[in-house]
Amino acid sequence: MTGLQTIRIAGKALMRNKLRSFLTALGIIIGVGAVIAMVAIGDGAKAMVEKSYAAMGSNLLVVMSGTTTAGGAHGGFGSMPTLTWDDLAAIQREVPTVQYAAPQLRTTAQVITEEQNWTTSVTGTTSDYFLVRSWPTAAGATFGPSDIDGATKVVVMGQTVVDKLFGPGADPIGQMVRIRNIPFQVVGVLARKGQSPMGQDYDDGVFIPSTTYMTKIQGGLKKYLQGTIMASARSADATAKAQRQITSLLRERHSLPKGTDDDFSIRNLAEMASAQQEGTKTLTTLLASIAAVSLLVGGIMNIMLVSVTERTREIGLRMAVGARRFDILTQFLVEALTLSIAGGIVGVALGLGIGQQLSDRFGWPLLIRPQIIVIAVGFSAVVGIGFGLYPARKASRLDPIEALRFE
């Protein structure tokens with residue numbers, strides 16, 4: 001028999017038993033589909049983590065004040081002012097791995113126009129803050145050094161605040177708003193940034209010069225900085241080094257003896273993002289491994305397809321009219337391989353469909369790696385050959401006379 005004849009006979013055998021063939025291929029379909037869907041969604045979740053942390057800022061370090069302790073109760077970081085404005089200046093001046101550093105003074109207040117009002121966060125900072133956060137403007141401009149020096153009453157708004165006060169698509173540049181009954185002129189609107197990993201709306205806030213904040217909105221603590229310092233390392237690789245250098249500088253400036261705890265805290269968001277990405281990667285690997293088990297189950301079901309017991313008389317008849325052992329072996333392998341590859345192709349379509357549905361539901365990007373598709377289909381073919389080999393060998397070794405007598 002030629003190879004073409006063997007393939008044609010195997011195809012006819014599969015079509016004569018459509019239900020059995022479909023049930024056999026179902027395991028492969030589910031396995032391949034699950035692998036592709038889980039890996040695609042896992043990669044999408046990882047991309048979302050990267051996007052969320054990138055929205056916080058570029059190579060971001062957050063420096064916070066120390067803690068208070070009263071009657072054995074600890075107040076937590078930020079409850080005791082220990083950072084000074086001179087500390088901020090020293091970080092900007094003396095830490096070579098820090099590219100930008102800015103204060104972040106924050107409170108909640110009502111922003112009022114002639115017709116609307118909206119309660120939001122009010123942040124006092126400098127122009128470097130928007131460089132630290134990698135946050136460009138969509139309209140207008142941010143305030144500059146002259147606004148800091150002159151404590152001018154200007155405000156930069158997030159998109160959510162603009163939508164609430166002026167309406168979607170409005171241009172508020174040059175408009176006047178009031179914060180704590182003090183008039184401010186809108187000079188800029190920030191580009192839309194989205195949500196944080198914890199669900200906070202970055203765009204729901206307004207920003208004013210730090211000097212204006214301390215004189216008009218909330219009085220400062222003289223030399224102490226009543227908030228946090230946001231710092232940006234020069235590169236992702238330099239973030240850990242920048243953290244060590246800031247720690248060393250602040251300990252020296254605060255005259256902390258060796259062996260004592262820091263009176264400040266530094267959060268490295270790059271490390272947090274990396275840890276969360278590792279967790280996502282581990283979960284994706286686990287789900288993909290579980291899905292791969294379905295492929296093995298599908299392979300075991302191939303034995304059911306080519307069950308020698310069910311097809312003994314067919315085998316005997318073919319061998320009686322001249323089929324060789326090699327022909328029988330080849331036919332059974334072709335049947336198993338055909339179902340595995342067909343199941344793999346259908347599984348790819350199913351996996352992409354499921355992945356798209358989950359992506360739309362959870363709002364995650366769907367990232368498809370072509371090599372995963374190739375690996376999944378290739379693995380299904382290997383499974384078909386591997387699990388189809390045993391029944392194929394068993395069928396090819398049957399005695400023709402005994403096979404014809406089989407009931």
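The following legends describe close-up views of a predicted model. In this predicted model, local features need pLDDT of at least 70 and side-chain atom pairs count only at pLDDT 80 or more, while totals for chains, interfaces and linings use all residues. Residues are numbered from 1 along each chain as its sequence is written, and side-chain values use heavy atoms, with hydrogens and water left out.

View 1. Strands (E, at least two residues) and helices (H or I, at least four residues) are DSSP runs numbered from the N terminus. Six of the six residues of E1 are buried, so this strand is largely enclosed by the rest of the structure; buried means under 20% relative accessible area, exposed over 50% and partly exposed in between, with a 1.4 Å probe and protein chains only. One side of E1 carries Leu60, Val62 and Met64, the other Leu61, Val63 and Ser65, and both faces are covered. Two strands pair if DSSP finds at least two bridges between them. E1 pairs in the antiparallel sense with strand E11 (residues 228-233) over four bridges, and Leu60 stands opposite Ser232 in E11. With strand E12 (residues 264-268), E1 pairs in the antiparallel sense over five bridges; here Val62 stands opposite Arg267.

View 2. Gly66 is found in the loop between strand E1 (60-65) and strand E2 (69-70). Its relative accessibility is 2%, so Gly66 counts as buried. The C-alpha atoms of Gly66 and Thr82 are separated by 6.0 Å, although the two residues are 16 apart along the chain.

**View 3. The surroundings of Asp87.** Asp87 lies in helix H3 (residues 85-94) and is buried, with a relative accessible area of 1%. Its side chain forms a polar contact of 2.6 Å with the side chain of Arg253 and another, of 2.8 Å, with the side chain of His254. A polar contact is a pair of N or O atoms within 3.5 Å; within protein, one must be able to donate a hydrogen and the other to accept it, and residues adjacent in sequence count only if both atoms are side-chain atoms. Leaving aside neighbours within four places in sequence, Asp87 is in contact (heavy atoms within 4.5 Å) with Thr82, Leu250, Arg253 and His254.

View 4. Rings of Phe, Tyr and Trp (its six-membered ring) pair if their centres lie within 6.5 Å; planes under 30 degrees apart count as stacked, over 60 as edge-to-face and the rest as tilted. By this rule there are five aromatic pairs. The rings of Tyr129 and Phe130 have centres 5.7 Å apart and planes at 90 degrees, so this pair is edge-to-face. The rings of Phe130 and Phe207, with centres 5.6 Å apart and planes at 75 degrees, are also edge-to-face. The latter pair links distant parts of the chain, with Phe130 in helix H4 (residues 128-132) and Phe207 in strand E10 (residues 205-209), 77 residues apart. Both Phe130 and Phe207 are buried. Ring pairs join Tyr129, Phe130, Trp135, Phe143 and Phe207 into a cluster.

View 5. Strand E8 (residues 176-179) has a covered face, Val177 and Ile179, and an uncovered one, Met176 and Arg178. E8 pairs in the antiparallel sense with strand E4 (residues 98-112) over two bridges and with strand E9 (residues 182-190) over four bridges. In the hairpin of E8 and E9, two residues lie between the strands, and Arg180 takes a positive phi near 55 degrees.
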